[in-house]
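Here is a report on side-chain contacts and strand pairing. Please keep the model open while reading.

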Amino acid sequence: MPHPAPALPTPPPPSTGTAATTVETPAAQRAKQFLATGHDLEAAKEYIHTAAEARGQLQLHYLMEAARASLKGRKPQVAVLLADEVLRLQHDNSGLRGEALWVRAQGLMDQGQTPSAKGNLEELLTVAGTPQDVRAEAMGTLATLYTQEGHDLTALNFLIERDSLLTGDAVTRNHRRIHALLGAQSAARIQNWQGRSGNPLVQEWLAFALISRQNPDPRQQQAAISAWLATHPGHPLIDFSATATRANDTVSLATRNDICALLPSSGPYAPLSAGIAAGLETAAQLQSGPAVRILQSTGNPSYTAVLFERGVKEGCKAFVGPWLPQDINAVAAVRRPADPPVIALGVAPGVRQTGFYTLSLSRDVAARQIATQSYAAGYRHVYVLYPQDSSGAAIQADFLAVWKKLGGAVRGVTTYLPGHTLTRAARQLLSTPPGRRSFIFLIAGVKNASAAVSSIRLINNNVPIFSPALLQGAALPDDAQNLSGIESVDMPWVINATRSWPQAAPLLHTALPNASDAQWRMAAFGLDAYRVAERILRKDSTGSLKGTTGTLHFTAHGQIGRDMAWMEVENGQIVPLPGVPKPGI
C-alpha cells in the first residue's frame, strides 16, 4: 500500500502587516486550536472558510495556513491546490510566493512527483523574498535529489552554497554532508571537478579535499592549505574540518565512518535496506555522532564475511546488520572476540557471542508481545484468524507457541482469504459466544483489514480484536470507519512519526522522497539501531531507550527487547492506548 511520506519541515509564516494587525475571526481562532491539538484537517477547513471571507494579503495568509495544515494532515493533493491558488494570486517576488512554492514542492514529493517538485524548489531559489530558512532547506533537499540522480557536483554546489545560510549545529551537519559527498569521490574525479566549477568556494573545498588526502600529517596538511591560500588570493576562508577525513587515496572518508551498516543490496531486500540506511544516516545527522557507512552485501554469505572483515580493517567501530540468517552465521564464523560489536537485524539460532546483539525486525515480535501482555492482562481464551499465506502462518504459529506456553486456551484456529467473505469454518468459529476473557487474534494487512473486521462484526459485535500487523506504514486505509474498536500493537513511529522523533520525519523525507510503507517502517528501525549502537559503544546497557519502534532495552544474551505501543482505531483515527485493554472493558 503506498503511503504519504512525511512532509518536509514547514517554516513559520512570514509576518505580514495585514495579518498581524487584523483581529482574527472566530474561525481562524478555531483553526489555531485545531492545529494545537493535532486536528490538522479540521484546521485546514476552518482556514479555508476564513480565507473565503477575507481579502488581499490576509486571504493569501489564510490560504497558506490551510495549505500547511493540509500537508500536515497528509492531504498533499489539497495542499498543492491551495498553494496553486496562492501562486495564482501572488504575482510579486515576495516571501509568500516562495513559501507557496515550498509547500507545493512538498505536496508533489508526497505524491511521488519528484521532477516537478525539483522544479518548484529551484524556482523558489530565484524568488528574492524567500525566507532564508526556506532557501536553506530547499538547497539541502535539492542536494539529496541530485545525489540520487548521480549529479554529485551539482549536489555539492547546493550544499556549499547553503552553508552561509546556516548557523550553529546546522553548519556542522551540513559540513558532514559535504565531507561525505567528497569522500565518496576518487581523487581523479575531484581534480576533474576543479576545472568544471566556477564557484570559488566550491573550488576551495575541492582543493582542500585533495590536499587532505595527499598530506596525512595534520601539520603538513595545514601548511599545504596555507600555501594554497597564499597562491590563490581573494578566496574566502572556509572551515574545512580536516579531522573529518582520512587523507590519502587508499582510505578515503567513505572508509572512516564509525558505524557500518552491513545490509543486503539485491532482490526484495534492497528497498528495505534503503529504508534502514536512510534511518541510520538521519540519526547520525541528528545526533551529531559517529558517521555511517553502508556496506552492501550481494546475498553471498562468503562475500558478507569478507565485507565484515574489510570493515574491521578500515575502522568500523560497530556494525548494524547483517540481517539474513545465512549472513549472520557467516559473520559470526569469522568474527573474533576483539572485533567491534555487531547488531544483527534478524535471528540465527545458535549464534551467541559476547558483543553480538540482536534487534529483530520481524513482525513475529509483535505477535509474541500480544500473547504475553494479553495473558498478563487476564485474557485466557483466544480465537485465531489468519490469511492463507506463509507470512500469516508464521506469525500465528509464533503467537500460539507463546500463548500455549503461558497456559492460554485456544478456542479455534482458522484461515481466511483476504478480500473475500469469511469461510464457513471461520463464521462457525466466531459465532460461538465468547467468554469475558476471550479475544480474537487477527492477522491482517492494511489492505484487507476493513473487510475482515466488518465480517467479524457481522457475527460478533463485542469480542475484542487484537492485531499484530494492521498498520504496515504511516497511514490507515482510505476508509477506516470499519476498523473502529480494533486494538493493535505496533510502533509509536506508525502512530505519529512527528511525535516520536519530530526532527527525523522531515529529514527522512528528503532521503526517501517516494518511500513505500515498508521502507518507512524500516527507516524507523534504522533510527533506533543507530541509537542502540551509540549505547553499545558507550558500554551503556542500563535503562531503556524510548525509540521510534517502541521502548528498547537490553536483555540477556545480547537480545534487545522492544516493548511496542498499543493503539485503537476509533472513528477512522488512531488513538494511542496506555496498554492492552483489560477484559470486559
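## Strands and their partners

Phe 466 has Glu 487 as its bridge partner in strand 10. This is a predicted model, in which local features need pLDDT of at least 70 and side-chain atom pairs count only at pLDDT 80 or more, while totals for chains, interfaces and linings use all residues. Residues are numbered from 1 along each chain as its sequence is written, and side-chain values use heavy atoms, with hydrogens and water left out.

Strands (E, at least two residues) and helices (H or I, at least four) are DSSP runs, numbered from the N terminus. Two strands pair if DSSP finds at least two bridges between them. Strand 9 and strand 10 run parallel and are joined by two bridges. Strand 10 also meets strand 14 (residues 565-570); these two run antiparallel, with four bridges. There, Val 489 has Trp 566 as its bridge partner.

In a regular strand the side chains alternate between the two faces of the sheet. In strand 10 (residues 487-490), Glu 487 and Val 489 point one way. Ser 488 and Asp 490 point the other way. All four are buried, meaning under 20% relative accessible area; exposed means over 50%, and partly exposed lies in between (1.4 Å probe, protein chains only).

## Aromatic pairs

How many aromatic pairs does a search of the whole structure find? The search finds 15. Rings of Phe, Tyr and Trp (its six-membered ring) pair if their centres lie within 6.5 Å; planes under 30 degrees apart count as stacked, over 60 as edge-to-face and the rest as tilted.

Tyr 357 and Phe 554 have ring centres 5.9 Å apart and planes at 75°, so they are edge-to-face. This pair links distant parts of the chain: Tyr 357 is in strand 5 (residues 356-358) and Phe 554 in strand 12 (residues 551-554), 197 residues apart.

Tyr 379 and Phe 466 are edge-to-face because their planes are at 85°, with centres 5.4 Å apart. Tyr 379 lies in the loop between helix 17 (364-377) and strand 6 (381-387), and Phe 466 in strand 9 (residues 465-467), so the pair ties together parts 87 residues apart in sequence.

Lys 118 places its charged end over the ring of Tyr 146, 4.5 Å from the centre.

## Salt bridges

The count comes to 12 salt bridges. Each is a side-chain nitrogen of Lys or Arg within 4 Å of a carboxyl oxygen of Asp or Glu. Some examples follow.

| Residues | N to O distance |
|---|---|
| Glu 85 and Arg 88 | 2.6 Å |
| Asp 339 and Arg 336 | 3.3 Å |
| Arg 531 and Asp 528 | 3.4 Å |

Glu 85 and Arg 88 are three residues apart in helix 5 (residues 76-89), about one helical turn. Glu 85 is partly exposed, at 27%.

Asp 339 is buried at 10%, whereas Arg 336 is exposed at 52%.

Arg 531 and Asp 528 are also separated by about one helical turn, in helix 24 (residues 517-537). Arg 531 is buried at 13%, and Asp 528 is buried at 0%.

Glu 65, Arg 68 and Glu 99 are linked in a network of salt bridges.

Definitions and conventions: A charge sits over a ring if NZ of Lys or CZ of Arg is within 6 Å of the ring centre and within 35 degrees of the ring normal.
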